Structure formats: C-alpha cells, structure tokens
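Here is a friendly note to read alongside the model. Please keep the structure open as you go through the points.

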Amino acid sequence: MKKIKNFRKMFAVFGPAYLVGVGYMDPGNWATDIAGGSKYGYQLIWVLLMSNIMAVILQILCTKIGIVTERDLSQLCRREYPKKTSFTLWVLAEIAIIATDLAEVLGTAIGLNLLFHIPILAGIIITAFDTLIILALHKSGKRTIEIIIISLVSIIAMSFLVELLIVKPDLGEVAYGFIPKISDSGALYIAIGIIGATVMPHNLYLHSNIVINDMKISKKDKMKYNKIDSIVALNLAFLVNSAILILAATTFHKKGYFGIEEIQDAYHLLEPLLGTKLAPALFGIALLAAGQSSTITGTMSGQIVMEGFIDMKIAPWKTRLATRLLAVIPAVIIIMIGGSQETGDLLILSQVLLSIQLPFAVVPLIHFVSSSKLMGRYVIGNFTKIVAWIVAFTIILLNIKLVFDIADTQLRSGIFLLGCFIYSFLIAALIFLGYIFYYPIKNRKSTK
C-alpha cells in the first residue's frame with residue numbers, strides 16, 4: 001500500500017524535467033552533434049556525456065531552490081543582487097533566450113523545407129506566427145503541455161532508435177569515443193558548442209520555476225521525486241544526442257564525408273548512403289518535433305525571465321512575439337545575404353553564444369543553493385558544493401579559451417578592430433562575472 005502511495009506521489013510530481021529535457025535535444029544540438037560526428041567521428045561523444053552530467057547536477061540544484069525557497073532563479077537574482085546587476089543579468093538571460101529561439105526558428109524552418117519543400121526563408125517567416133498555437137497550449141494548463149512534450153520527445157526518441165538499427169554502428173568504436181580527447185581548435189569549438197547546446201541558461205530559470213506548486217507533498221519528497229524526474233529525462237536527452245552524433249559518425253565520417261555541418265545535407269545524404277527512404281523521413285519528422293517542442297518551452301522561459309527579473313507582467317503573446325522577431329530578423333537577413341547554406345553556421349554560433357552566457361546563470365545558482373539563509377536545513381553539503389563549482393569553473397575556462405582563440409584568429413587575419421573588440425568583451429565579461437561571484441560572499445560576511 002505504501003509503495004502504491006509513493007508511486008502516486010512520484011507520478012504527481014513527474015513532468016517538469018521533460019519540459020526542460022526537450023531543450024537538450026533541440027535543433028541547436030542537432031547542428032553541433034552532426035558537425036562533431038561527421039568531422040571527428042565518435043571522438044566527441046565523451047563531451048556529450050560530460051555535458052549531460054553537468055546538466056543533471058545543475059538542473060537538480062534548480063529544483064532544490066525552487067522547491068525550498070518557492071522562488072525561481074530569476075526572482076532570487078532580483079532579490080539578492082543590486083538593481084543594476086540584476087538588470088544586466090536579465091539582459092544576458094534575454095540574449096540567451098533569443099539565441100535559443102534562433103535555433104528553434106532555423107530547426108523548424110529546415111524541418112518544413114525537408115518534409116514539405118517550403119523554402120527556408122518562407123519557413124522562417126511562418127515560424128513567426130506559431131505564437132497563436134503556443135498561447136492556445138498555455139491556456140490548457142501545464143499538464144497538457146507536459147503530455148504534448150512527452151509525446152513529441154517519444155517521436156524523436158523512436159525515430160533515432162530506428163535510425164540506429166538501420167546504420168548498425170560498431171559499438172566498440174563508440175565506446176572508444178568516451179575516452180576524453182580534443183584533437184584541435186575546431187574540435188574545441190564544436191565541444192563548447194555541444195556544452196552550450198546541452199546545458200542551456202534558460203533551462204535553469206525554467207526548471208526552478210515549474211517545480212513550484214502547491215501539492216500536499218513534503219519538500220523532501222518533492223526534491224527526491226524531482227531528482228529522479230531530472231535524471232530520467234536528461235539521460236533520455238543524452239541518448240538522443242548520442243544517437244545523432246553516432247548516426248553522423250557512422251553514416252558520414254566513416255564514408256569520408258567530413259564536412260557535413262548543414263542539417264539539410266545530412267538529410268539528403270541519408271537515403272543514398274543507407275539505401276532507404278525511411279531514414280531521411282524519420283530524420284525530418286524528428287527535427288520538426290524537436291523544433292516545435294523546444295519552441296513551447298522557450299516561450300515559457302521568456303515569460304518567467306521577464307516576470308522574475310524585472311517584476312513586469314506582460315501579455316504572453318507580446319513577450320513571445322518580441323522574442324521571436326528578435327530571432328527571426330537576423331536569421332532572415334543572413335539567409336537573404338548568404339543563402340540557406342548558412343543555417344549550419346548560424347545554429348552552431350547560437351549554441352556557442354549560449355555556452356558563453358551560461359556562467360552568468362550558473363554562478364548565482366550555486367551561490368543561492370549554498371546559502372543557509374535561503375535554503376535552511378536543505379542547504380547543499382560541501383561535496384555537492386565542490387562538484388558544482390568544478391562544473392562552473394570548467395564551463396568558464398572553456399569559454400575563456402574559446403573567446404581567446406576567436407580573438408587571436410581575428411588579429412592573425414589582420415582584422416585588428418574586431419580582435420580588439422572581442423578581447424575587450426572578454427575582459428568586461430570576466431570583470432562582471434567576478435563581481436557576481438564575489439558579491440554574495442561579501443554580502444554574507446557583512447550580515448554576520
């Protein structure tokens with residue numbers, strides 16, 4: 001009887017992590033996984049595993065602060081940091097959401113192009129009007145959205161399961177890919193893109209919010225069941241991302257196609273290389289499902305961040321439309337200038353931008369969950385704290401290395417002004433990051 005009761009509690013709590021998990025298998029992930037698999041084979045699969053471990057740790061911390069404080073990460077940032085600092089963090093969070101939305105726009109447009117032959121540019125414009133669908137879903141309640149998301153995730157997972165059965169990868173070679181190795185700066189760029197595509201800033205704000213509810217379950221039980229929910233959902237996302245990279249490595253890299261960075265190229269090559277029309281069809285369906293499911297959670301994140309940071313309640317359709325237009329406009333301009341072949345570079349760039357934004361969400365998160373004033377008896381222990389800071393500083397150091405390499409490349413290419421601007425941006429970002437790291441420590445000392 002007790003087991004049945006516990007199962008009912010677990011079922012009641014389950015769901016939020018799947019809303020978060022779809023962000024870990026969005027079109028941005030596809031671009032980095034395909035580029036990594038085609039160029040480096042199975043070499044970067046360990047990066048996916050490392051990113052997933054980081055994601056699980058950080059998302060569990062998000063559920064803890066939401067459940068214990070009954071405030072989300074953006075609300076706590078507004079409360080615990082000075083007004084100007086909180087405002088800057090809000091701007092950075094919005095940039096991250098726009099970068100995420102850019103990936104969803106491009107992914108959905110590519111999916112429409114592959115399945116229904118709608119031009120990429122027209123597909124991008126069509127995505128600007130999915131606001132009405134998203135708003136209709138919002139009115140149906142969180143549980144309805146969770147069921148739709150889980151259904152879309154199931155479509156993605158089943159599609160890639162069939163894809164893997166078709167390509168039959170060498171499991172020994174796949175296992176070898178779990179040995180850490182970065183062969184060159186190109187691999188580092190894609191590796192950081194994978195981290196940015198996996199551990200996404202907006203998901204930290206989203207997860208800390210959607211676990212807040214008035215269920216008559218103890219905080220301890222809520223945290224326990226949400227931890228299980230997070231582990232299951234994010235490991236499913238890891239399996240999907242691994243399947244994409246393995247598909248690219250087996251189908252393209254092993255057959256000499258090392259430069260497949262465009263999702264469209266991957267789609268069109270699947271049939272001639274595998275000898276079946278089923279593979280590209282499943283690929284296109286899964287891509288469209290990924291774009292639409294990620295769009296739903298991106299909308300929710302935008303609303304949470306807006307209300308949490310600046311305490312401003314704006315009609316959801318206005319927030320959604322503004323965010324989507326800020327993603328659509330640069331995409332339209334770049335596609336008009338460079339053509340549809342630029343979508344792959346745009347997708348990878350959007351994920352690198354997300355990775356660069358990530359520390360500005362992670363550092364406050366770890367500070368809050370380490371605060372006995374905020375967390376009381378649920379404050380994290382020293383071991384968890386050390387692991388969390390190792391994750392944070394790993395992300396920060398990788399980002400410093402990436403931005404430094406990009407600036408150095410510009411200077412070597414003779415583009416002096418751009419190189420100097422990137423260096424200046426890096427210095428300013430590090431100063432601000434140092435401040436948001438130090439401020440809570442100084443604040444704790446002054447209140448003792």
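1. A word on elements before we begin: helices (H or I, at least four residues) and strands (E, at least two) are DSSP runs, numbered from the N terminus. Leu397, for instance, is found in helix H20. The model is a predicted one, where local features need pLDDT of at least 70, side-chain atom pairs count only at pLDDT 80 or more, and totals for chains, interfaces and linings use all residues. Residues are numbered from 1 along each chain as its sequence is written, and side-chain values use heavy atoms, with hydrogens and water left out.

2. Let us stay with Leu397 for a moment. Is Leu397 buried or exposed? Buried means under 20% relative accessible area, exposed over 50%, and partly exposed in between (1.4 Å probe, protein chains only). With a relative accessible area of 57%, Leu397 is exposed.

3. Leu397 also belongs to a nonpolar patch on the surface, together with Phe393, Phe437 and Tyr438. Patches are made of residues with over 30% relative accessible area and no salt bridge; like charges are joined within 9 Å, and nonpolar side chains (Val, Leu, Ile, Met, Phe, Trp, Tyr) within 5 Å. The four residues have about 400 Å² of accessible area together. Such areas come from the Shrake-Rupley method with a 1.4 Å probe, and for residues only the protein chains shown count as cover. Helices H20 and H21 are the elements that give two or more residues to the patch.

4. Now for the empty space inside. Rolling a probe the size of a water molecule over the atoms shows where empty space is left. On a 1 Å grid over the protein atoms alone, a cavity is a set of points where a 1.4 Å probe fits but cannot get out, and lining residues have an atom within 4 Å of a point. Grid points are joined across faces, edges and corners, and a volume is the space filled by probe spheres set on the points. How many cavities of 30 Å³ or more does a search of the whole structure find? The search finds four, and the largest cavity has a volume of about 120 Å³.

5. The lining of that largest cavity is worth a look. Among the residues that line it are Ile356, Pro359, Phe360, Asn399, Phe425 and Leu433. The elements giving two or more residues to this lining are H18 (359-369), H20 (382-412) and H21 (416-446). The largest share, five residues, comes from H21. By type, the lining divides into 11 nonpolar, one polar and no charged residues; here Ala, Val, Leu, Ile, Met, Phe, Trp, Tyr, Cys and Pro count as nonpolar, Asp, Glu, Lys and Arg as charged, and the others, Gly among them, as polar.

6. Next, the salt bridges. Side chains of opposite charge can pair when their charged atoms come close. A salt bridge is a side-chain nitrogen of Lys or Arg within 4 Å of a carboxyl oxygen of Asp or Glu, and by this rule the count comes to three.

7. Arg79, Glu80 and Lys373 are linked in a network of salt bridges. The closest N and O atoms are 3.0 Å apart for Arg79 and Glu80, and 3.7 Å apart for Lys373 and Glu80. Lys373 lies in helix H19 (residues 372-375) and Glu80 in helix H5, so this pair ties together parts that are 293 residues apart in sequence. Glu80 is buried at 15% relative accessible area, Arg79 is partly exposed at 43%, and Lys373 is exposed at 63%.

8. Another salt bridge joins the side chains of Lys254 and Glu173 (3.1 Å, N to O). Lys254 sits in the loop between helix H13 (219-251) and helix H14 (263-274), and Glu173 in helix H10 (residues 171-176), 81 residues apart. Lys254 is partly exposed at 45% relative accessibility, and Glu173 is partly exposed at 34%.

9. Finally, two loop residues to check. Glu70 has a positive phi of about 60 degrees although it is not a glycine, and its place is in the loop between helix H4 (45-69) and helix H5 (73-80). His117 likewise has a positive phi of about 60 degrees without being a glycine, and lies in the loop between helix H6 (83-116) and helix H7 (120-127). Glu70 is exposed at 51% relative accessible area, and His117 is exposed at 66%.

Note on methods: On a 1 Å grid over the protein atoms alone, a cavity is a set of points where a 1.4 Å probe fits but cannot get out, and a pocket is an open set with protein on both sides within 12 Å along at least five of seven lines; lining residues have an atom within 4 Å of a point.
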